[in-house]
Amino acid sequence: MTLRDRVEALLPNWEAWYPSLFDAAVDLGLLRARTCSPSSLLLSNRHSAVQSEALKAFQEKWGGTTGE
């Protein structure tokens with residue numbers, strides 16, 4: 001079920017009351033903010049796991065290092 005479907009199930013005429021689907025979903029409690037540490041917002045930190053997986057896969061397939 002999409003967010004729009006969930007909002008429409010709870011409040012069928014939401015467009016008359018809210019300027020956006022996001023605002024309606026927040027007020028209905030379907031979307032909630034959650035806090036996170038500032039370091040988790042850095043792209044380098046968020047993608048470090050993906051980068052390390054790629055490096056491991058490269059080394060498994062081709063052996064050796066990447067030349068860095």
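Residues are numbered from 1 along each chain as its sequence is written, and side-chain values use heavy atoms, with hydrogens and water left out.

The chain averages a pLDDT (the predictor's confidence in each residue, from 0 to 100) of 86, and 93% of the residues score at least 70. Among the elements, helix H1 (residues 3-10) has the highest mean, 96, while helix H3 (residues 43-46) has the lowest, 71. Helices here are DSSP runs of H or I with at least four residues, numbered from the N terminus. Where pLDDT is low, the predicted coordinates should not be read in detail.

On the inside, the largest nonpolar core brings together 7 residues: Val7, Trp14, Tyr18, Leu21, Ala24, Ala25 and Leu30. Such a core is a set of buried Ala, Val, Leu, Ile, Met, Phe, Trp, Tyr and Cys residues joined through side-chain atoms within 4.5 Å; buried means under 20% relative accessible area, exposed over 50%, and partly exposed in between (1.4 Å probe, protein chains only). H2 supplies the largest share of this core, 3 residues. Leaving aside residues up to four places away in sequence, Tyr18 touches Leu11, Asp23, Ala24 and Asp27, contact being heavy atoms within 4.5 Å.

Helix H2 (residues 21-27) also holds Val26, which is partly exposed at 36% relative accessible area.

Further along, Cys36 sits in the loop between H2 and H3 and is partly exposed, at 48%. Its C-alpha atom is separated by 28 Å from that of Lys56, 20 residues apart along the chain. Ser44, in helix H3, is exposed at 55%. Between Ser44 and Asp23 there are 31 Å, C-alpha to C-alpha, with the two 21 residues apart in sequence.

Key. This is a predicted model: local features need pLDDT of at least 70, side-chain atom pairs count only at pLDDT 80 or more; totals for chains, interfaces and linings use all residues. Helices (H or I, at least four residues) and strands (E, at least two) are DSSP runs, numbered from the N terminus.
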